[in-house]
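This briefing is meant to be read beside the structure, one topic at a time. Please keep the sequence and the 3D view open as you go through the points.

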Amino acid sequence: MIKINVVNRGHQQLPAYATEQSAGMDLRANLEEPIVLKPFERRLIPTGLHIALPAGFEAQVRPRSGLALKKGITVLNSPGTIDADYRGEVGVLLINLSQEEFVVNDGERIAQMVIARHEQGDFVVVEALDETERGEGGYGHTGVK
């Protein structure tokens, strides 16, 4: 388990894993008053959290499956990436994809955050790529069966 420095400028508890093998930690809305999301409206919801990840790691902000299924609420830029050198407040860009208004209340679990190791790439310009069985087959290439 890696250590993540955090400054909590909000009034919510820190993110925590719900079970021993959970991949994501719940992020909570840190609000002075409820926010109403109208159908197809998007808003950046504050969490009050500022984090410092170790180099080589990112935090991915993802939707909560229950909110998506039951209420049509999802994270618009999913997964959102928090880079290791970002020190601003962690915000969650929610969108209401339902036909009904949705109220985001203070302390509500609005997304999950997954900590992931990553690599950086270095592009090397070449004249051609190696051949593979798939080749240039793209969307729908493998059929439906």
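Two strands are said to pair if DSSP finds at least two bridges between them, and the elements themselves are DSSP runs numbered from the N terminus, with helices being H or I runs of at least four residues and strands being E runs of at least two. The model is predicted, so local features need pLDDT of at least 70 and side-chain atom pairs count only at pLDDT 80 or more, while totals for chains, interfaces and linings use all residues. Residues are numbered from 1 along each chain as its sequence is written, and side-chain values use heavy atoms, with hydrogens and water left out.

**The chain as a whole**

- The chain has 1 helix and 10 strands, and when it is read along the sequence these elements follow the pattern β-β-β-β-β-α-β-β-β-β-β.
- The radius of gyration, which is taken over C-alpha atoms, is 19 Å for the chain, whereas a compact globule of 145 residues would have a value near 15 Å; that globule rule is 2.2 Å times the number of residues to the power 0.38.
- Along its principal axes, the C-alpha trace of the chain spans about 55 × 40 × 30 Å.
- Of the contacts in the chain with a separation of 6 or more, 70% are between residues 24 or more positions apart, where contact means heavy atoms within 4.5 Å.

**Surface and charge**

- The accessible surface of the chain comes to about 10,400 Å², and 49% of this belongs to carbon and sulfur atoms; such areas come from the Shrake-Rupley method with a 1.4 Å probe, and for residues only the protein chains shown count as cover.
- Of the 145 residues of the chain, 33% count as buried, a word that stands for under 20% relative accessible area, with exposed meaning over 50% and partly exposed lying in between (1.4 Å probe, protein chains only).
- There are 15 positive and 20 negative side chains, and the centres of the two sets lie 9 Å apart; Lys and Arg count as positive and Asp and Glu as negative, without His and the chain ends, and each charge is placed at NZ of Lys, CZ of Arg, CG of Asp or CD of Glu.

**How the strands pair**

- Strand β1 (residues 5-8) runs antiparallel to strand β4 (residues 42-52), and 4 bridges join them, with Asn5 standing opposite Ala52 in β4.
- Strand β4 is also joined by 6 bridges to strand β8 (residues 89-96), again in an antiparallel arrangement; here Leu44 stands opposite Leu93 in β8, and Arg43 stands opposite Leu94 in β8.
- Strand β8 is in turn joined to β6 by 3 bridges, and these two strands run antiparallel, with Asn96 in β8 as the bridge partner of Ile73.

**A closer look at Thr74**

- Thr74 lies in strand β6 (residues 73-75) and is buried, because its relative accessible area is 18%.
- Leaving aside neighbours within four places in sequence, Thr74 is in contact with Pro63, Leu93, Leu94, Ile95 and Leu97.
- The C-alpha atoms of Thr74 and Ile110 are separated by 8.6 Å, although these residues are 36 residues apart along the chain.

**Backbone details in loops**

- Ser78 and Pro79 are joined by a cis peptide bond with omega of about -10°, and Pro79 has its place in the loop between β6 and β7 (80-82).
- Phe40 lies in the loop between β3 (35-37) and β4, and its phi is near 65°, a positive value in a residue other than glycine.
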